[in-house]
Each structure stands twice: as C-alpha cells, then as structure tokens.
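Reader: Can you walk me through this one? Keep it quick.

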Amino acid sequence: MSPDERDRLAKVEQIVAGQQKSLESIEAKLDHLTSIADMGKGALWLALKVGGILAMIIAAAWALFDKFLHRG
C-alpha cells in the first residue's frame, strides 16, 4: 500500500468516525423529540377529557336551570 493510499484511507476513516458521531447525536435528538411528542399527546388527551367533562356539567346545569328556574 502506497503512502498516498494510506493517507486517503486515514481521511476516509476520520470522515466515517465523524459521521458516526453525528448519527449518534441525531438519534439522541430524535429520541428526545419523540418523548416530547408523546408528552404532548398525553396532555392533549387530558385536555380533551377535562373539556368533555366540563361541557357535560355545563349542559346538565343549563338543562336544570331551564327546567326548574326559568319558568318565567
């Protein structure tokens, strides 16, 4: 193997090592973003459930008000 080939091989090895570090960094960031998205889904479902319960309570109160107190 000639010195030029060794130099080229060393450069390629350095590039590959840098790409592996970049890939590991990207994977870590992706895992973090995935966990954030999962938390957001949970918060959305909680907000929808609480909103649905509040809507039912308001509808029931409205119906009771109309039936018993709003007889003009």
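Author: One term to begin with. Buried means under 20% relative accessible area, exposed means over 50%, and partly exposed is in between (1.4 Å probe, protein chains only).

Reader: Okay. So is K49 buried or exposed?
Author: K49 is exposed, at a relative accessible area of 56%. The residue sits in helix α1, which covers residues 3-69.

Reader: What kind of model is this, and how are residues numbered?
Author: This is a predicted model: local features need pLDDT of at least 70, side-chain atom pairs count only at pLDDT 80 or more, and totals for chains, interfaces and linings use all residues. Residues are numbered from 1 along each chain as its sequence is written, and side-chain values use heavy atoms, with hydrogens and water left out.

Reader: How many helices and strands?
Author: One helix and zero strands. These are DSSP runs, numbered from the N terminus: H or I of at least four residues for helices, E of at least two for strands.

Reader: Why call the protein more spread out than a compact globule?
Author: Because its radius of gyration is 31 Å, well over the 11 Å that the globule rule gives for 72 residues. The radius is taken over C-alpha atoms, and the rule is 2.2 Å times the number of residues to the power 0.38.

Reader: What box do the C-alpha atoms fill?
Author: Roughly 105 × 15 × 10 Å, along the principal axes.

Reader: Give me some distances along the chain.
Author: K49 and S22 are 27 residues apart, and their C-alpha atoms are separated by 41 Å. For K11 and L54, 43 residues apart, the C-alpha separation is 64 Å. K11 lies in helix α1 and is exposed, at 55%.

Reader: What share of the residues is buried?
Author: Of the 72 residues, 0% count as buried.

Reader: Switching to salt bridges. How many?
Author: One salt bridge. The rule asks for a side-chain nitrogen of Lys or Arg within 4 Å of a carboxyl oxygen of Asp or Glu.

Reader: Which side chains meet there?
Author: K41 and D38, at 3.9 Å, N to O. Both lie in helix α1, three residues apart, about one turn of the helix.

Reader: And how accessible are those two?
Author: K41 counts as exposed at 51% relative accessibility. D38 is partly exposed, at 44%.

Reader: Which residues form the nonpolar patch on the surface?
Author: L46, V50, I53, L54, M56, I57, I58 and W62, with about 860 Å² of accessible area together. Patch residues have over 30% relative accessible area and no salt bridge; like charges are joined within 9 Å, nonpolar side chains (Val, Leu, Ile, Met, Phe, Trp, Tyr) within 5 Å. Areas come from the Shrake-Rupley method with a 1.4 Å probe; for residues, only the protein chains shown count as cover.
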